[in-house]
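Here is a friendly briefing to read alongside the model. Keep the viewer open as you go through the topics.

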Amino acid sequence: MGVETEFGVVAYKDGKAVLTPEEAARYLFRPVVAKHRSSNIFTDNASRLYLDVGSHPEYATAECDSVTQLLNYDKAGEAAFAKLARQADQAMAADRIDANIYLFKNNVDSAGNSYGAHENYLISRDLVLKSFGKQLLPFLITRQLICGAGMIKKGRFVISQRADQVWEGVSSATTRTRPIINTRDEPHGDSRRFRRMHVIVGDSNMSEPSFALKVGSLLLVIEMLEAGFDLPDVELDNPIGHIRDIALDPTGGTELLLRDGGVTTALAVQQGTLDAARRWLEVRPDEGTPNEEMARIVDLWQRTLDAIASQDFSGVDTEIDWVIKRKLLTQVKDKLGCDWDHPRLAQIDLTYHDIDRDRGLFYLLERKGLAKRWTTDEAIAQALQAPPATTRAVLRGKFLDAVRAADVDHNVDWVHLKINRPEPVTLELLDPFATENDEVDALISRIAETRQGEANRE
């Protein structure tokens, strides 16, 4: 598994933009370019950090094999960019630019531009992704109920930021139609064995439990589909036609038309899927994400659905992003006696997503005990420094350590490790689960020996 997160970037002074996003991004990436001569790099923890189209800073986690591990690397990406933002502030001050860089982990800016939080899941090549994806659509269009980030839109609160930005169910396009599932065939592994399912409908999450529920619930559904496990037979007549209606209805009562002419609701789709997941846990192999952790996810999933059904959110109002945010905004709205279009509420909505841990509103709530944790600061700090030890990312990390210490010209992507001198050598890592590789070890030894020989000659 892996996630890709795009951030909004702006240089603010007293709430006003001082630089264009392009200019702000240049300051943000200045240390990266100075050190690596590129704005597209793999970091020491084997993740990818780069500047995407539209001046969006982006972080793609290293390959992970459990939910909490993935959460740690996602939060490590926040930490990496927060550090770059602090360095950018110093650089701007040296240039006499009175402003601060703000990075927002949300999905829509004030101009209506959307940027994503993409999820990647490794699935078997034997599965037909298009039909597999269609089986997932009822779950995915209703998943926003349990892990949406929420936002104020056109004078009302909606559950999801991305629901209004997708226009197709399953497609090979990414920007033109913004499908829920992208079918472009880029396995980043052995194409005879693997496919990569690229899900682009989810919101970015600040809340750790929300992130765990978003990824963990979908992982359970994928596992059940791969295993041929009994899931509710829900074939919607027009899945994409309902996604915006669901975002507008926090009761989960949105009616969904079935292909056979029947009707169900968004909440019923989620409850039926959860009931199957609970049965799956009774027979699930204890691999990847431990069953104990999956049980935590199922517990939070049920508590969230119970809260939606009863409209008593006190049991999850420190865990689910849209619930946390709506509670805070409602308190301020009631205090001000205003409508949802008040500018103060819009400011709170945005600053909830500020990734600066000293300044961001979400992290203020976390410090006050109003937002619960799923992981620890120590685990996130470790993830920032070192790659996952349970996937091929550990091999990429070892290679990066070696070539950077020896100052060897090199290229790296998700699958390939390449040195360009003294003679080009390229290795392919086609198994995402391989943590040991004799060829990689031999290449690293060769790099060290070459470096030592050069040092002796000097």
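The notes below go from overall shape to cores, an annotated site and charged pairs.

This is a predicted model, in which local features need pLDDT of at least 70 and side-chain atom pairs count only at pLDDT 80 or more, while totals for chains, interfaces and linings use all residues. Residues are numbered from 1 along each chain as its sequence is written, and side-chain values use heavy atoms, with hydrogens and water left out.

**Overall shape**

- The protein contains 14 helices and 18 strands; these are DSSP runs numbered from the N terminus, with helices being H or I of at least four residues and strands E of at least two.
- For 458 residues, a compact globule would have a radius of gyration near 23 Å, and the protein agrees with its 23 Å. The radius is taken over C-alpha atoms, and the globule rule is 2.2 Å times the number of residues to the power 0.38.
- Along its principal axes, the C-alpha trace spans about 75 × 60 × 40 Å.
- The accessible surface is about 20200 Å², and 48% of it belongs to carbon and sulfur atoms. Areas come from the Shrake-Rupley method with a 1.4 Å probe, and for residues only the protein chains shown count as cover.
- Buried residues account for 56% of the 458 residues. Buried means under 20% relative accessible area, exposed over 50%, and partly exposed in between (1.4 Å probe, protein chains only).
- Of the contacts between residues at least 6 apart in sequence, 65% join residues at least 24 apart, where contact means heavy atoms within 4.5 Å.

**Nonpolar cores**

- The largest nonpolar core has 111 residues, and those with the most contacts inside it are Phe81, Ile101, Leu136 and Met197. Helix H2 (residues 67-94) gives the largest share of this core, 13 residues.
- Apart from that core lies another, of 21 residues, with Val394, Phe399, Val412 and Val425 among them.
- A nonpolar core here is a set of buried Ala, Val, Leu, Ile, Met, Phe, Trp, Tyr and Cys residues joined through side-chain atoms within 4.5 Å.
- Not counting residues up to four places away in sequence, Met197 touches Glu119, Asn120, Tyr121, Ile123, Leu129, Phe132, Leu136, Ile181 and Ile222.
- Leu28 sits in helix H1 (residues 21-36) and is buried, with a relative accessible area of 0%. Beyond residues up to four places away in sequence, Leu28 touches Val9, Pro57, Phe81, Leu84, Ala85, Ala88, Ile101 and Leu103.
- Leu28 and Leu328 are 300 residues apart in sequence, and their C-alpha atoms are 31 Å apart in space.

**Annotated site**

- UniProt, in an unreviewed entry, places the feature "active site" at Asp52. Its positions are given in the numbering used here, feature names are shortened, and annotations may be inferred rather than shown by experiment.
- Asp52 lies in strand S5 (residues 48-52) and counts as partly exposed at 24% relative accessibility.
- Leaving aside neighbours within four places in sequence, Asp52 is in contact with Glu6 and Glu58.

**Salt bridges**

- Side chains of opposite charge can pair when their charged atoms come close. A search of the whole structure finds 29 salt bridges, each a side-chain nitrogen of Lys or Arg within 4 Å of a carboxyl oxygen of Asp or Glu.
- Asp44 pairs with Arg404, the closest N and O atoms being 3.3 Å apart. Asp44 lies in the loop between strand S4 (40-42) and S5, and Arg404 in helix H13 (residues 393-405), so the bridge ties together parts 360 residues apart in sequence.
- Asp44 is partly exposed at 40% relative accessible area, and Arg404 is partly exposed at 26%.
- Lys153 forms a salt bridge with Asp164, with the closest N and O atoms 3.0 Å apart. Lys153 is in strand S9 (residues 151-153) and Asp164 in the loop between strand S10 (156-158) and strand S11 (168-171), eleven residues apart.
- Arg244 also forms a salt bridge with Asp164, at 3.2 Å between the closest N and O atoms. Arg244 lies in helix H6 (residues 243-247), so this pair ties together parts that are 80 residues apart in sequence.
- Lys153 counts as partly exposed at 23% relative accessibility, Asp164 at 26% and Arg244 at 21%.
- A network of salt bridges links Glu208, Arg357, Glu366, Arg373 and Asp377.
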